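Here is a short briefing on one protein model. It covers a sheet, the helices beside it, one further helix and the salt bridges.

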Amino acid sequence: MKIIIHGGFFSESQTNQEIKQAKQQALAEIVQAGYKYLQTHNALETVVYAVRMLEDCELFNAGTGSQIQSDGKIRLSASLMDGKTQRFSGVINIEDVKNPICIAEKLMAYDDRVLSGQGARDFATNNGVAYYNPETPQRRHEYEQKLSDSIRLGTVGCVALDIYGDLAAATSTGGKGFEIPGRVSDSATTAGNYANKFAAVSCTGVGEDIVSGSVASRIVTRITDGLTIAKATDKTLDELKPFNGFAGAIGISADGHIYYADTHPYMVWALHDGEMEVFE
């Protein structure tokens with residue numbers, strides 16, 4: 001059993017030790033809870049559980065505490081992929097929900113498994129999901145101050161390998177902040193979240209760069225074709241260099257290897273494979 005989570009990129013950590021330590025503690029607590037949950041649940045259930053906790057933590061840009069778009073509204077995206085069945089589900093730019101990853105989970109049972117905008121919100125309402133405003137005072141302050149993009153990079157994700165040898169990945173984001181309404185990130189696409197029986201990967205960074213590089217699906221495809229997870233990840237991220245792509249990835253291969261890498265410093269992460277590790 002193995003699990004790894006990420007909380008996006010964190011440029012503030014170079015200057016704000018208090019926030020850095022808070023994120024280290026939060027990631028440590030969530031990965032420990034996720035690893036414990038994994039002992040009695042499968043990979044798919046576990047990645048939803050862990051990402052839901054990340055969405056509920058105001059320190060990260062997903063769920064509660066998400067970034068505000070240019071028109072003053074918050075729109076959330078999330079996706080889920082089951083490596084065993086290769087079913088993918090997700091929501092794009094959904095408003096007024098607490099946990100978009102839970103809506104993605106509900107969609108797993110449907111033929112139409114990726115919904116956007118009002119359709120996604122209507123689906124949530126029809127499935128008993130209550131109205132929720134994910135805005136926090138800090139995000140409103142950032143919106144009003146129009147902070148630089150370098151501070152607004154952040155997504156959350158989880159990859160898990162369960163006792164049955166099955167893999168799953170889940171990713172959730174509040175966007176990059178101040179974007180044009182209707183912009184689609186990588187988080188609810190196979191470029192940012194992908195799994196099969198050989199590997200599972202979740203990404204964070206600039207969505208447009210991740211989509212341009214088809215990062216998650218390309219890494220998993222290369223592992224399927226025989227590369228190690230380290231070589232597959234490094235090769236894929238190297239291919240972003242010509243356009244200075246900004247991305248990070250976490251992943252687990254079916255043989256139990258955990259790997260994480262980024263193109264720019266630095267992605268925040270935590271993992272647990274019997275022993276816990278957290279970014280420094």
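Two strands count as paired if DSSP finds at least two bridges between them. Helices (H or I, at least four residues) and strands (E, at least two) are DSSP runs, numbered from the N terminus. This is a predicted model: local features need pLDDT of at least 70, side-chain atom pairs count only at pLDDT 80 or more, and totals for chains, interfaces and linings use all residues. Residues are numbered from 1 along each chain as its sequence is written, and side-chain values use heavy atoms, with hydrogens and water left out.

- Four strands make an open sheet, ordered 7-8-9-10, with antiparallel pairing.
- Strand 7 (193-195) and strand 10 (258-262) are the edges; each has a single partner strand, so one side of each lacks a neighbour in the sheet.
- From one strand to the next, the twist averages 10°. Axes are lines fitted to C-alpha atoms, for helices over the stretch in contact, and angles run from 0 to 180 degrees between N-to-C directions.
- Strand 8 (residues 199-205) and strand 9 (residues 247-253) run antiparallel and are joined by seven bridges.
- A199 has S253 of strand 9 as its bridge partner.

**Helices on the sheet**

- Helix 7 (residues 215-224) packs on the sheet and touches strand 7, strand 8 and strand 9. Contact means heavy atoms within 4.5 Å.
- The direction of helix 7 makes about 150° with that of strand 8.
- Helix 8 (residues 229-238) lies across strand 9 and strand 10, at about 15° to strand 10.

**Helix 5**

- R139, E142 and Y143 are the buried residues of helix 5 (residues 137-145). Buried means under 20% relative accessible area, exposed over 50%, partly exposed in between (1.4 Å probe, protein chains only).
- Seen down the helix 5 axis, these buried residues fall within an arc of 100°, so they line one face. The arc is that of the directions from the helix axis to the C-beta atoms.
- P137 and E144 are exposed on the other side of helix 5.

**Salt bridges**

- The whole structure holds eight salt bridges, each a side-chain nitrogen of Lys or Arg within 4 Å of a carboxyl oxygen of Asp or Glu.
- R75 pairs with E95, the closest N and O atoms being 3.3 Å apart.
- R75 and E95 sit in distant parts of the chain, 20 residues apart.
- R75 is buried at 11% relative accessible area, while E95 is partly exposed at 25%.
- D71, R75 and E95 are linked in a salt-bridge network.
- R218 and E239 form a salt bridge (2.9 Å, N to O).
- R218 lies in helix 7 and E239 in the loop between helix 8 and strand 9, so the pair ties together parts 21 residues apart in sequence.
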